[in-house]
Amino acid sequence: MNDIKIKLRHIYIPYLLIAIGTISIYSTLRWLLDFKLEILNLKQMALDYWIPIVFAFTPMIIWFRKNVRILNVNGKNENGYFLYQFIAVISIVIPTIIAQEYLKASASELHQIENISEISEAKKTDCFKIADIKVIKQYACLHRTSRTSGRHNDRLNFTNYFIVPIVDKTFNLDETNHQFWYGIKFTDGMSNHANDSEKDKRWKEFYNESIKDFEAYNYLDYEYLKVLGNSDDKDGYISAITNRQPNIGKSEVIILEPQKEKFVDRFGNKLTWIFGSFGIGAFIFLIMSLIPTVNKTELKRYLNKKPLKDDELKDIVKFLIPRGEHFTTAILVDLNLIVFVLMIFSGLNIISPTPLELLDLGANRRLEVLTGEYWRLFTSMFLHGGLMHILMNLFGIGATCALIEPILGRWKTLIAYLVSGIGASLVSIYWHENTISVGASGAIFGMMGVMIALLVTKPDRGFSGLYYIILGLYGGVSLLFGFLGGIDNAAHLGGLLSGFVIGLLIILSDWKGITQANNV
């Protein structure tokens with residue numbers, strides 16, 4: 001009985017407080033800052049999904065990890081404890097995400113108007129029923145885009161955005177800065193492992209299908225029109241408009257999308273699912289908390305407010321601080337992280353930005369480089385095509401550079417990394433005529449080339465076993481997926497060759513210094 005009280009007091013009740021606090025605080029802030037004050041200029045995808053995930057993970061990783069150590073959990077190292085934290089996070093994230101949908105529905109207002117000219121300053125949650133809607137179909141604009149999705153970017157998704165100006169009964173159209181538009185989109189997808197000719201074929205087929213569907217579209221087939229908020233879809237529609245009106249004031253554009261469901265049905269069962277999903281998650285976590293016994297040693301440490309004996313979070317934070325034998329490694333990891341965060345806050349999709357969006361930020365492509373934009377060979381190394389892409393590459397940077405830096409030193413490691421990355425970019429534009437390429441993987445393969453050079457010349461400081469594992473698993477798997485399609489293997493192989501050459505040159509130019517350092 002005493003153990004049950006300990007678990008309830010020090011594990012379950014803190015969990016409930018963190019969970020309820022996280023859901024309530026984030027939803028309140030979202031309501032105030034986004035829906036009422038409208039000062040959050042972030043994509044809806046980030047506000048609906050990714051920020052709630054970060055909001056839930058943060059207290060669980062920073063504070064609650066100490067609480068779960070009280071339990072005697074089976075599992076190697078931190079695996080068992082991480083499972084408890086993961087279940088706790090999921091039980092918070094799901095109701096928080098549902099709550100955002102409920103908030104959006106609550107903030108929506110339906111306006112019955114006679115004419116489009118009655119819309120003055122529509123909010124992003126406003127909805128309209130327009131009695132006398134008129135469009136100028138002949139002035140329609142189109143923007144075509146594609147994004148990858150899936151764990152390994154194995155899905156290629158096509159979207160065609162059609163945008164048509166809505167006008168009043170006089171049919172007056174501002175041909176330089178029209179404000180009101182009717183948005184229609186068509187989507188399709190295919191395997192990203194298909195070859196380029198198959199992708200081009202499907203791309204053209206989908207375009208022709210979309211044109212037919214657009215020509216037959218019924219503009220009156222809707223229950224109401226909803227103002228589109230800041231999102232990838234809005235960016236797609238605005239790109240279509242700028243094809244027709246290049247100097248349009250983007251902040252003044254109001255895009256309306258047709259909604260087929262009745263306005264009164266917008267809530268659905270969202271409120272029930274908020275409490276139901278949280279109740280289910282809280283019950284599961286309660287059972288999980290009651291099953292294990294109490295670890296008396298960790299309980300005493302927790303009650304005395306002593307730090308954890310083995311704290312992987314602190315180890316990770318220490319690794320991100322540039323110092324000692326991983327100075328350059330930490331710098332490279334931090335730079336890639338900072339650039340990715342800046343990409344997200346600039347409005348890019350966190351999962352899969354479009355190739356053109358990446359090109360605007362500095363991605364690598366033959367045409368731009370050969371016309372004088374040589375800096376793309378460098379900047380593309382620090383851009384990434386989504387969350388999974390950067391996570392894989394951060395692991396690659398850490399796994400390779402952390403082993404090489406103690407041998408070559410800070411500056412030689414940095415030089416090898418950058419030269420390899422630029423070499424990878426050069427091979428990419430040589431091999432691909434029109435491929436937009438980003439990511440640190442070319443430089444990472446360059447560091448694997450340095451590993452091969454170290455294996456050949458032997459000053460490996462006893463890391464040869466780890467080299468073979470990294471070369472076989474990370475390098476081999478990456479190349480395999482590259483051959484399946486959707487990954488720039490030319491950059492990988494170019495980086496590997498560049499890294500091997502620069503690695504040999506560095507080792508041979510300072511053979512005595514490197515070998516002596518490794519014999520210490």
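## How H15 crosses H17

Helix H15 passes helix H17 in a right-handed crossing. Right-handed means that the near helix is turned clockwise from the far one by less than a right angle. The two helices pack at an angle of about 45°, with their axes 6 Å apart. That makes H15 oblique to H17. Oblique covers whatever is left once angles under 35 degrees (roughly parallel), over 145 (roughly antiparallel) and 65 to 115 (roughly perpendicular) are taken out. Axes are lines fitted to C-alpha atoms over the stretch in contact, and angles run from 0 to 180 degrees between N-to-C directions.

This is a predicted model: local features need pLDDT of at least 70, side-chain atom pairs count only at pLDDT 80 or more, and totals for chains, interfaces and linings use all residues. Residues are numbered from 1 along each chain as its sequence is written, and side-chain values use heavy atoms, leaving out hydrogens and water.

## H15 on its own

Helices (H or I, at least four residues) and strands (E, at least two) are DSSP runs, numbered from the N terminus.

Of the 17 residues of H15, 15 are buried. Buried means under 20% relative accessible area, exposed over 50%, and partly exposed in between (1.4 Å probe, protein chains only). Just after H15, lysine 458 takes a positive phi of about 80°.

## The nonpolar cores

A nonpolar core is a set of buried Ala, Val, Leu, Ile, Met, Phe, Trp, Tyr and Cys residues joined through side-chain atoms within 4.5 Å. The largest one holds 41 residues. Those touching the most other members include Ile397, Leu408, Met451 and Tyr467. Helices H9, H10, H13, H14, H15, H16 and H17 each supply at least two residues. H15 gives the most, with ten.

Strand S5 covers residues 155-167. Eleven of its 13 residues are buried, so S5 is largely enclosed by the rest of the structure.

Two strands pair if DSSP finds at least two bridges between them. S5 pairs with S3 in the antiparallel sense over two bridges. Lysine 134 has valine 167 as its bridge partner. S4 and S5 are antiparallel over nine bridges, and arginine 147 partners asparagine 157. S5 and S6 are antiparallel over eleven bridges. There, tyrosine 161 partners lysine 185.
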